[in-house]
Amino acid sequence: SSRNLAAELHLLSNVVGRRVPGGHVKDGVMQFVSPGCRAKFSKYVGVQEWTNSIFLMLNVAAGNGYGNSFIETNGGKGMNINYFLSDRTKPDAPVVKRLAKSVVRALGDAEGAHKQPSVHLFARPAPGSAKPGNKLKLDNCDYVYLGRCKILGHKPDKSPIEFLFALEDFPSIRSTPDFEALMRLAQA
């Protein structure tokens, strides 16, 4: 299980703001950061846990059909995202506690392994939303690595549980073609 493995986060440093190689499905993302050992996980869950990190997997749809939203801050110099867990996730679930205690660390920093996890966001066009000729310039459902997330708060008593994160790598991703394509889709 990925919960028993450490993701090789340094491998993400070359894909910040870009499509993850082989990232057409969650399995591609998971195997990209675990090349030496096949990570097992539930493909139906949007939160993937590792010993050293947590991956948030997000579908972006026109009209924000998934409820998660990107929020510009500081006059467009920053960006936050509100992320909703599955409505089946309970406030006392271990993943809620791990997300609430998450930290931001450099991608090459292995020092924090097995302590507090870092959170990383991956987004893709919702299946069926990136049709040929729609000018999104994203292959159907490739995941784009949007970088590290800093927790700003959460609402554990809300259902589904809501988290608010700042995209720490926003200055690096905001002008990338893949991120811009996702934002065009989110605003459509």
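These points cover the sheet and the aromatic pairs of a predicted model.

1. The sheet is open and built from seven strands, ordered β1-β2-β5-β6-β7-β4-β3, with mixed pairing. At its edges lie β1 (47-49) and β3 (69-73), each of which pairs on one side only. On average, and with direction ignored, neighbouring strands of this sheet are turned by 35 degrees against each other.

2. Within the sheet, strand β4 (residues 78-84) and strand β7 (residues 162-167) run antiparallel and are joined by five bridges. Tyr83 has Phe163 in β7 as its bridge partner.

3. The count of aromatic pairs comes to five. One of them is Phe55 with Phe122: the ring centres are 4.7 Å apart and the planes stand at 45 degrees, so the pair is tilted, an angle between the 30 degrees under which planes count as stacked and the 60 degrees over which they count as edge-to-face. Phe55 belongs to strand β2 (residues 53-60) and Phe122 to strand β5 (residues 118-125); the pair thus links distant parts of the chain, 67 residues apart. Both Phe55 and Phe122 are buried.

4. Phe170 and Phe179 make an edge-to-face aromatic pair, with 5.9 Å from centre to centre and 75 degrees between the planes. Phe170 counts as buried because its relative accessibility is 3%, and Phe179 counts as buried at 3% relative accessibility; the cut-off for buried is under 20%.

5. Phe55 and Phe122 also belong to one aromatic cluster, together with Trp50 and Tyr145.

Definitions and conventions. Residues are numbered from 1 along each chain as its sequence is written. This is a predicted model: local features need pLDDT of at least 70, side-chain atom pairs count only at pLDDT 80 or more; totals for chains, interfaces and linings use all residues. Side-chain values use heavy atoms; hydrogens and water are left out. Rings of Phe, Tyr and Trp (its six-membered ring) pair if their centres lie within 6.5 Å; planes under 30 degrees apart count as stacked, over 60 as edge-to-face and the rest as tilted. Helices (H or I, at least four residues) and strands (E, at least two) are DSSP runs, numbered from the N terminus. Buried means under 20% relative accessible area, exposed over 50%, partly exposed in between (1.4 Å probe, protein chains only). Two strands pair if DSSP finds at least two bridges between them. Axes are lines fitted to C-alpha atoms, for helices over the stretch in contact, and angles run from 0 to 180 degrees between N-to-C directions.
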